[in-house]
Amino acid sequence: MSSGLEISVNELKPVFTKEQIATRVHEMAAEIDAVYGDEPLVAVCVLKGAVVFFSDLTRSLHNKNLEMDFVRLSSYGRQSSSSKHVIFNKDVEIDLCDKHVLIVEDIVDSGHSMRFLLGQFAARRVRSLRLATLVDKGERREMDIPLDFVGFTLKKGFIVGYGLDYAERYRALPGIYEIIPE
Ligand code: PRP
């Protein structure tokens with residue numbers, strides 16, 4: 001998430017350890033395998049935030065007919081709170097028509113990004129469309145989003161790590177932390 005309003009970070013408070021995340025990601029992969037088996041499936045990573053989750057999740061799946069693709073959305077502009085404007089920077093390259101599609105997202109916050117992408121993909125006559133998110137954060141939800149696979153539910157907190165950023169920092173942290181401002 002980019003931000004023009006820089007804050008001073010006093011502390012990164014642990015929220016989920018890398019071990020907790022690894023356990024949950026394996027569980028989610030089992031849930032996803034139980035739904036699709038070896039059915040042809042396109043897993044779509046929502047860049048940038050989902051890249052680490054996507055990498056771990058897809059490597060835990062057993063589906064022999066898995067394809068991977070990527071979209072790039074950005075929604076926050078220069079504000080630390082969500083704007084309603086979603087920028088579709090990069091589309092998938094695979095034709096999704098008649099495919100099972102699984103969107104893989106790091107966090108659903110206001111819901112605007114996923115409302116936008118679900119609308120885009122639904123218009124492509126996909127065979128099925130589901131959404132896996134590592135974190136479901138409800139505090140600022142503005143759009144009703146169907147979440148098929150959820151790693152963790154959080155009420156609130158500005159979190160970073162495991163792909164999630166603050167002003168492009170902290171994405172490479174192995175765990176997830178809450179930013180505590182000074
Ligand atoms: C973040 C995050 C989600 C989205 C969630 O992405 O990765 O994709 O915001 O917010 P929403 O539910 O309020 O729409 P961001 O636009 O910051 O880009 P990034 O993935 O490159 O960090």
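The legends below describe close-up views of a predicted model. Local features need pLDDT of at least 70 and side-chain atom pairs count only at pLDDT 80 or more, whereas totals for chains, interfaces and linings use all residues. Residues are numbered from 1 along each chain as its sequence is written, and side-chain values use heavy atoms, with hydrogens and water left out.

View 1. Six strands form an open sheet of mixed pairing in the order β4-β3-β2-β5-β6-β7, where strands (E, at least two residues) and helices (H or I, at least four) are DSSP runs numbered from the N terminus, and two strands pair if DSSP finds at least two bridges between them. Because β4 (87-90) and β7 (149-154) each have a single partner strand, they stand at the edges, and one side of each is left without a neighbour in the sheet. Neighbouring strands are turned against each other by 25 degrees on average, direction ignored. Strand β6 (residues 128-137) pairs with β7 in the parallel sense over five bridges, and V135 stands opposite F152 in β7.

**View 2. Helix α1 on the sheet, with R24.** Helix α1 packs on the sheet, touching β2 (41-47), β5 (100-108), β6 and β7, and its direction makes about 145 degrees with that of β7; axes are lines fitted to C-alpha atoms, for helices over the stretch in contact, and angles run from 0 to 180 degrees between N-to-C directions. R24 lies in helix α1 and counts as buried at 16% relative accessibility, buried being under 20% relative accessible area (1.4 Å probe, protein chains only). Leaving aside its neighbours within four places in sequence, R24 is in contact (heavy atoms within 4.5 Å) with E31, V150, G151 and F152.

**View 3. The crossing of α1 and α2.** The axes of helix α1 (residues 18-36) and helix α2 (residues 51-60) come within 8 Å and cross at roughly 55 degrees. The two helices are therefore oblique to each other, given that angles under 35 degrees count as roughly parallel, over 145 as roughly antiparallel, 65 to 115 as roughly perpendicular and the rest as oblique. The contact is made by V25, H26, M28, A29, I32 and D33 of α1 and by F53, D56, L57 and S60 of α2.

**View 4. Helix α3 across the strands.** Helix α3 (residues 112-122) lies across β2, β3 (66-74), β4, β5 and β6, running at about 170 degrees to β5. H112, S113, M114, L117, L118 and F121 are buried in α3, and the buried residues of this helix pack against β2, β3, β4, β5 and β6.

Definitions and conventions
Buried means under 20% relative accessible area, exposed over 50%, partly exposed in between (1.4 Å probe, protein chains only).
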